[in-house]
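These are my notebook entries on one structure. I looked up the surroundings of its ligand and then its aromatic rings.

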Amino acid sequence: MKQYEVAVIGGGPGGYIAAIRAAQLGKKTVLVERQDLGGTCLNRGCIPTKALLHSAESYGALSGAKSLGITLGEYAFQYKKMAKRKDKVVKQLRSGVENLVSGHGADILRAEAVLTGPHTFRAGEEEVEADQIILATGSFPASIPIPGADKPGVLNSDGVLALEECPESVVIIGGGVIGVEFATLFADLGKPVTIVEMLPSILYGNDTDVCATMTGLLKDKGVTIHTGAKVLEIQDGLACVFEKDGQTLRAEGQLAVMATGRKPDTAGLGLEAAGVETERGFVKVDEEMRTNIPHIYAIGDITGKQQLAHVATAQGVTAAHNAVGEHRHMDYSAVPGCIYSTPEIACVGLTEEKAREAGYAVRTGRFNVSGNGRSLAIGCQDGFAKLVADADTGKVLGCHIVAPHATEMIGEAGMAIRYGLTAEELGEVIHAHPTVSEILMEAAHDIDGLCCHKL
Ligand code: FAD
Ligand code: NAI
């Protein structure tokens with residue numbers, strides 16, 4: 001039997017970072033992965049989507065070339081080449097992950113792990129015993145149980161990312177994060193897209209101004225959006241049959257994309273043999289990422305917190321430190337959530353509504369992209385930054401941005417929340433001019449009615 005001090009099961013952004021950190025802290029560590037290192041994020045999620053979105057955004061931007069003083073000849077996209085470039089990016093990063101894990105001194109075991117007891121598991125031919133175990137087995141696309149969900153042409157995100165040809169038209173079931181990113185991808189490539197979302201708006205739960213702005217921007221790109229619309233069936237064609245306001249309607253497309261959430265991947269992991277408790281399928285953990293079995297930790301999508309790569313990574317770091325005897329806690333108050341639409345969306349902390357529900361007296365500041373010099377210089381008029389602050393203390397509680405490069409700016413607001421900065425303090429930071437990031441400073445000034453670039 002192989003002996004380790006720390007064993008990590010699952011090599012996604014949660015697991016591979018936990019393994020590296022445990023090895024850095026001097027523990028004899030093994031990382032077990034049954035498929036590809038990098039997990040969903042690198043192979044079927046964050047990275048391939050962003051590679052494709054970059055091609056699509058670049059293509060979409062060409063339609064505005066004339067307004068920039070550029071005359072173009074004939075141009076077209078070749079989806080096969082876009083897909084090949086995406087695969088190349090993924091491959092390069094995947095080999096980087098492998099080098100990093102082994103370079104930091106952790107062993108890699110290529111097999112499916114099945115727990116056989118609280119300290120033991122089987123991984124292919126190997127029997128392994130470990131003092132501390134970190135579970136990081138991630139999630140898989142959820143399908144809704146409706147007739148026709150298994151028809152050819154109905155794809156989940158894995159299927160979309162494996163396409164070699166661009167579909168001529170797409171119906172997307174679910175207007176959440178995946179739905180909006182895929183709608184952006186195909187709409188920027190000029191294809192007809194329809195989103196059918198059950199809830200009252202797309203991206204439901206985000207700041208209401210963010211939802212309304214993105215709805216308008218997607219419609220401007222030609223995307224048809226049905227909200228309050230529950231999909232009931234998929235018929236040959238392909239036609240999504242949905243119910244809206246008591247009426248039965250249809251949306252047709254060459255492909256139907258199921259973007260209706262993700263489920264924890266724990267079946268067959270042997271949680272019962274180890275005595276690990278779950279709740280609605282998710283592994284129950286405390287703030288230290290410990291399960292009910294004190295030397296077994298769980299991190300990432302299987303924990304049912306925010307299903308985001310950076311959350312999995314932060315949880316992995318926390319679990320690794322605690323596995324060597326520390327008592328670190330996870331803090332979810334400043335987790336950025338980003339959507340790679342054009343323009344991008346980035347949010348952190350509380351929305352105005354959630355802050356009020358939590359009992360805060362709230363003040364907000366807002367600045368529109370149309371008043372920002374750099375944004376206009378790069379050809380974008382759409383979007384805004386909105387800052388939510390506690391009226392009593394002035395502390396920043398939340399920030400919601402729709403703007404070019406929003407995902408690169410949100411870290412600043414996250415830092416303000418994490419370290420208890422006031423909006424005034426954020427506004428005192430000198431921001432370079434001309435940058436899109438000035439919209440954050442202007443929104444901070446606006447909280448006190450002192451924004452110079454706004455009447
Ligand atoms: P995973 O990344 O799912 O990795 C788990 C790994 O465990 C897998 O490699 C699996 O093969 C392995 N495994 C499972 N069971 C076993 C076993 N028994 N033995 C051995 N190995 C096992 N998040 C963001 O933050 N930003 C984004 O832009 C973003 N884009 C996304 C786009 C799409 C289309 C999708 C689907 C997801 C996206 N996500 C994004 C979410 C992100 O991918 C996940 O939150 C993240 O990958 C979760 O990390 P994890 O380590 O928990 O699990
Ligand atoms: P999601 O939970 O964001 O959205 C699913 C949507 O499907 C919901 O709005 C829901 O109301 C809708 N829906 C469910 N059943 C329906 C029905 N019968 N008819 C119509 N609509 C229906 O889940 P999504 O988009 O699948 O993403 C999964 C996870 O992946 C998310 O937790 C997200 O955090 C992560 N992700 C993150 C990204 C990022 O950070 N940029 C990008 C893509 C995914």
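Which element gives the most to the shell around ligand 1? I found that α2 does, with four residues; helices (H or I, at least four residues) and strands (E, at least two) are DSSP runs, numbered from the N terminus.

I noted that this is a predicted model, in which local features need pLDDT of at least 70 and side-chain atom pairs count only at pLDDT 80 or more, while totals for chains, interfaces and linings use all residues. Residues are numbered from 1 along each chain as its sequence is written, chains are lettered from A and ligands numbered from 1 in the order in which they are written, and side-chain values use heavy atoms, without hydrogens and water.

**Entry on the ligand.** I looked up polar contacts (pairs of N or O atoms within 3.5 Å). The side chain of Asp301 has an N or O atom 2.8 Å from an oxygen atom of ligand 1. A polar backbone atom of Ala113 lies 2.9 Å from a nitrogen atom of the ligand.

**Entry on the rings.** I found two aromatic pairs in the structure (ring centres within 6.5 Å; planes under 30 degrees apart are stacked, over 60 edge-to-face, the rest tilted). Tyr59 and Tyr75 have ring centres 5.6 Å apart and planes at 65°, so this pair is edge-to-face. Tyr59 lies in helix α3 and Tyr75 in the loop between α3 and α4 (79-103), so the pair ties together parts 16 residues apart in sequence. Tyr59 and Phe77 are also edge-to-face, at 5.1 Å centre to centre and 80° between the planes.

Definitions and conventions. A polar contact is a pair of N or O atoms within 3.5 Å; within protein, one must be able to donate a hydrogen and the other to accept it, and residues adjacent in sequence count only if both atoms are side-chain atoms. Rings of Phe, Tyr and Trp (its six-membered ring) pair if their centres lie within 6.5 Å; planes under 30 degrees apart count as stacked, over 60 as edge-to-face and the rest as tilted.
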